[in-house]
Amino acid sequence: MNAPEKLNQYDREARAVGNIVHLEHFNVCIPDQRLATLFYVVALGGTRDPYLFMGLENMWVNYGRTQVHLPSRAVPPRTEVLRGTVGFVVPSLAELKKRLEFAGAEMKRVVPEAKTRFSWQEKDGVIEATCPWGNRVRCHAPSPQFGNTELGLVYVEFDVPPGTADGIARFYKEVMRAPAKAEGGRATVGIGRNQFLYFTETTQPLPEYDNHHIQVYIADFGAPYQWLKERDLITMETDADEWRFQWIVDPRDARKLFQIEHEVRSMKHRLFNRPLVNRNHGITNMTYVAGHDAFRGTY
Ligand SMILES: [Fe+2]
């Protein structure tokens, strides 16, 4: 039997998971499923959900245990742009570059009339890309910073007004009960095993909020709801396992700091821990090997 001092060598706090257990998806309305397929499936290497939303009104794209939701059912078509940058881990940046080249050429060929904002560049060991409508994506190679994730949405980094980071960290720590801190004008919120929300102060003017959203699962589904409800901040009562809010407020003085819809679900939600299909995008019809259809990395 180990002596107690032997057991104390472990940093138990460092292995704790806060109340927000999973950042599953972000959702942006887009006007053209063809361009969305080329960017989010062909270029980024996601896998279209084969079970839900198989028409042209929406597309769910899988990246490991996470998704991007891309509805286009609005009439007239709507375009939403997340006010920040989403971070992915992909298995290979070299392969990603080839797919971005291919998808960029296909966009011009398939939708020659489209004036897209698509672009990408390699910068400081990551690849930064912009979707056809201006959503910013940063792709990282797997690294210890993101645990053992080899494919997935690992963070969303929001641009926020000056003087808000401290209050935002307080909100996530005290209301959402997630590990959160503010340093140098940036709030960092720990989610699940290896995911983060970042809120980085900027002096650049921010666009008006356009209703895009993020979705999280939380363990204590009751206490944050109660706090928000008492302050009239719940914006949607979807069902027994989901509610939403839009304003991040400072728990110290109720000052409204930043607006972003959070689709908040309980761990009893029917979709929690749903297995997501991920393909091996390294194979083609010419290089096919039986049994290697699925992505085999970890996430
Ligand atoms: Fe959603």
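## Sheet

The model has an open sheet of 8 strands with mixed pairing, in the order S2-S3-S4-S1-S13-S16-S15-S14.

S2 and S3 run antiparallel and are joined by 2 bridges; Arg48 is opposite Val61 in S3. Two strands count as paired if DSSP finds at least two bridges between them. Helices (H or I, at least four residues) and strands (E, at least two) are DSSP runs, numbered from the N terminus.

## Basis of the model

This is a predicted model, in which local features need pLDDT of at least 70, side-chain atom pairs count only at pLDDT 80 or more, and totals for chains, interfaces and linings use all residues. Residues are numbered from 1 along each chain as its sequence is written.

## Helix H2

Buried residues of helix H2 (residues 33-43) include Leu35, Leu38, Phe39 and Val41. A residue is buried if 20 or more other C-beta atoms lie within 10 Å of its own, exposed if 12 or fewer, and partly exposed in between, with C-beta atoms placed from the backbone. Their cover includes strand S3 (60-63), strand S4 (66-69) and helix H3 (93-110). After H2 comes Gly45, with a positive phi near 85°.

Conventions:
Two residues are in contact if their C-beta atoms, placed from the backbone, lie within 7 Å.
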